[in-house]
Amino acid sequence: MSKTVDAAIVGAGLSGLVSAYRLQRAGADVVVLEAKDRVGGRLMTSASRSGIGVDSGGSWVGLRQQAVLALLEEFGIGLVPQYADGVNLLRIAGREYRYQGEIPRLRPHEMLDLGRAMWVLDRIAKRLGAPPWTGDFAARVDERSLGAWMRRNVRTAASRLVLEMVTAASFGCRPTELSLLTFSAHVHGSGGLSDLIGVSDGALAYRIAGGAAALPARLAESLGDRVRLGHAVTGIERHADHVILTGPGRPPVRARRVIVAADPATVACIAHRPALPAGRAELQRRWQMGSGIKAHVVYRRPWWRERGLTGAAITDAGTARITFDVSPPETGEGVLTTFLGLPVSDDPALLAPEAGDRRRQRVLEDLAALFGPDVWTFEDYIEKDWTRESWQSGCLLRVPTGVLSVGRPWLTEPVGALHWAGSESSHFGEGHMDGAVRAGTRAAEEVLAELALKQLRT
Ligand SMILES: Cc1cc2nc3c(=O)[nH]c(=O)nc-3n(C[C@H](O)[C@H](O)[C@H](O)COP(=O)(O)OP(=O)(O)OC[C@H]3O[C@@H](n4cnc5c(N)ncnc54)[C@H](O)[C@@H]3O)c2cc1C
């Protein structure tokens, strides 16, 4: 066994790397153990045939996401404003609505219905306490799914579609699979529902220049050989003054403190000795993540812009039901992206791994139905299937009813020398990059406080 390090971090996603970076800067001796052969976790930039990078994982950052914005600035990584100069499309039952800005211009009774639903959802989010999962009101809100709430409170198909697409894009699931509390707590942290879906000043305002994976790459670079790839942790033993981490084919690692930096569902496979407290173990068992496939279609130029379109579309039919323009400004090429998954597909068989060719054909047909025949002039088609990614339970948090109001404290409560990071454990921006940065920083501060205390005692 190697020497005892101050802190071992499990997971080289954004959160774990931020923990390690902060600890190292404070003078602690750290090691990061990552199961995959790359860093970044849910941040991954894939290259097109022409060499441009597209975000196969997380992509957008918003103006309120101060933690990730500050870190990007620290590393001198720039931002690309989301293209919004034109008309968005919404298609429901064959009827097309064209609109600018965030809120679709529906028929008056549909607008009224959507406006009222958004107002009530914002009110629920505002009534939540601090932290939002505590108190009787939160417990009551956690008894219902967003879908159950929508059945009673949303009357028109158009409003339902908009809320379904917000849920698919922000949580990777259907409204029936998501607790109303999970949804409302996220809205609470995002500063309101329109901020969550907003382009000009909301959560979709910017993308990261050069691709989102640039951030974990730069963090890993600063840590050098302290990051060990292909090093899965499958066992954690807690002793009186140290912790031992074991994994297949790797020597055990001994550390004073440990930060487990991944979502609760993914780390549920780690065996603990002694066993984890029942509350934490139950949280890991019940936690869920929404998942799907992210696809990019690459063109020589963003030709839809010439027709006054932003490339953003929502439709109630087909497989590609929500699209965005993610063209890289530096090369002049055009890129459309879409998120494919069970919550937003009318043919689940198309999502099977062996249906790749049929899936691509359907995505292109769906895009052509929205934007016209120029869709077929594509140069490249790139897909990333997150349902098949090892050491990853999914893309975004989709916590069902009765989990947050009961188990939320266990997301951050240290267990002996074990601390928890990972985006899902953040009080703000949970499930997103901003939450990953905040959680990584919080866990590093907890560890530093414990190490300082120990030094004082010795
Ligand atoms: C398709 C998609 C779209 C998204 N869109 C956005 C977006 O637009 N904006 C946004 O802000 N966020 C978005 N997200 C979410 C964002 O990417 C994540 O919130 C963030 O990257 C999470 O970072 P993390 O470090 O907490 O977790 P992860 O990135 O999941 O990192 C955890 C790491 O731990 C490793 N690991 C797990 N178990 C073990 C083990 N036992 N031993 C060793 N290593 C282990 C994993 O391999 C992984 O590398 C998206 C994610 C996806 C997948």
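**Close-up views of a predicted model**

**View 1. Helix α7 and the residue that follows.** Just after α7, Gly-191 adopts a positive phi of about 85°. In this predicted model, helix α7 spans residues 180-190 and is mostly covered, with 11 of its 11 residues buried. The buried residues of α7 include Leu-180, Leu-181 and Phe-183, but also Thr-182, Ser-184, His-186 and His-188, and Gly-189 and Ser-190 are likewise among the buried residues of this helix.

**View 2. Helix α5 and its buried face.** Helix α5 is formed by residues 146-153, and its buried residues are Leu-146, Trp-149 and Met-150. Seen down the axis of α5, these buried residues fall within an arc of 100°, so they line one face of the helix. An α-helix has 3.6 residues a turn, so residues three or four places apart point the same way. The buried residues of α5 pack against α6 and α7, the latter being the mostly covered helix of View 1.

**View 3. The shell around the ligand.** There are 38 residues around the ligand, of which Gly-11, Gly-13, Gly-41, Gly-58 and His-432 come nearest. Two or more residues of the shell are given by each of the elements α1 (14-25), β5 (60-61) and α14 (433-457), and the largest share, 3 residues, comes from α1. By residue class, the shell around the ligand divides into 20 nonpolar, 14 polar and 4 charged residues.

**View 4. The largest nonpolar core.** This core holds 130 residues, and those that touch the most other members are Ala-7, Ala-8, Ile-9, Leu-17 and Val-258. Helix α6 (residues 157-171) supplies the largest share of the core, 9 residues. When residues up to four places away in sequence are not counted, Val-258 touches Ala-7, Ala-8 and Val-10, together with Ile-236, Val-243 and Leu-245, and also Ala-417, Leu-418 and His-419. In soluble globular proteins, nonpolar side chains tend to be buried together.

**View 5. A three-stranded open sheet.** The order of the 3 strands in this open sheet is β5-β9-β6, and their pairing is antiparallel. The edge strands, each of which pairs on one side only, are β5 and β6 (79-81). Over 3 bridges, β6 pairs in the antiparallel sense with strand β9, residues 206-208, and Val-80 stands opposite Arg-207 in β9. Strands of a sheet pair through backbone hydrogen bonds, either parallel or antiparallel.

**View 6. Strand β16 and its two partners.** Strand β16 (residues 293-299) is mostly covered, since 6 of its 7 residues are buried. Strand β19 (residues 334-340) is joined to β16 by 7 bridges and runs antiparallel to it; here the bridge partner of Val-298 is Val-335 in β19. Strand β20 (residues 380-385) also runs antiparallel to β16, to which it is joined by 6 bridges, and in this pair Val-297 has Tyr-381 of β20 as its bridge partner.

**View 7. His-109 in helix α3.** His-109 lies in helix α3, which covers residues 108-127. Because there are 12 C-beta neighbours inside 10 Å, His-109 counts as exposed, the cut-off for this class being 12 or fewer. His-109 and Asn-88 are 21 residues apart along the chain, and their C-alpha atoms are separated by 20 Å.

Conventions:
Residues are numbered from 1 along each chain as its sequence is written. This is a predicted model: local features need pLDDT of at least 70, side-chain atom pairs count only at pLDDT 80 or more; totals for chains, interfaces and linings use all residues. A residue is near a molecule or strand if its C-beta atom, placed from the backbone, lies within 6 Å of it. Helices (H or I, at least four residues) and strands (E, at least two) are DSSP runs, numbered from the N terminus. Ala, Val, Leu, Ile, Met, Phe, Trp, Tyr, Cys and Pro count as nonpolar, Asp, Glu, Lys and Arg as charged, and the others, Gly among them, as polar. Two strands pair if DSSP finds at least two bridges between them. A nonpolar core is a set of buried Ala, Val, Leu, Ile, Met, Phe, Trp, Tyr and Cys residues joined through C-beta atoms within 7 Å. A residue is buried if 20 or more other C-beta atoms lie within 10 Å of its own, exposed if 12 or fewer, and partly exposed in between; C-beta atoms are placed from the backbone. Two residues are in contact if their C-beta atoms, placed from the backbone, lie within 7 Å. The arc is that of the directions from the helix axis to the C-beta atoms.
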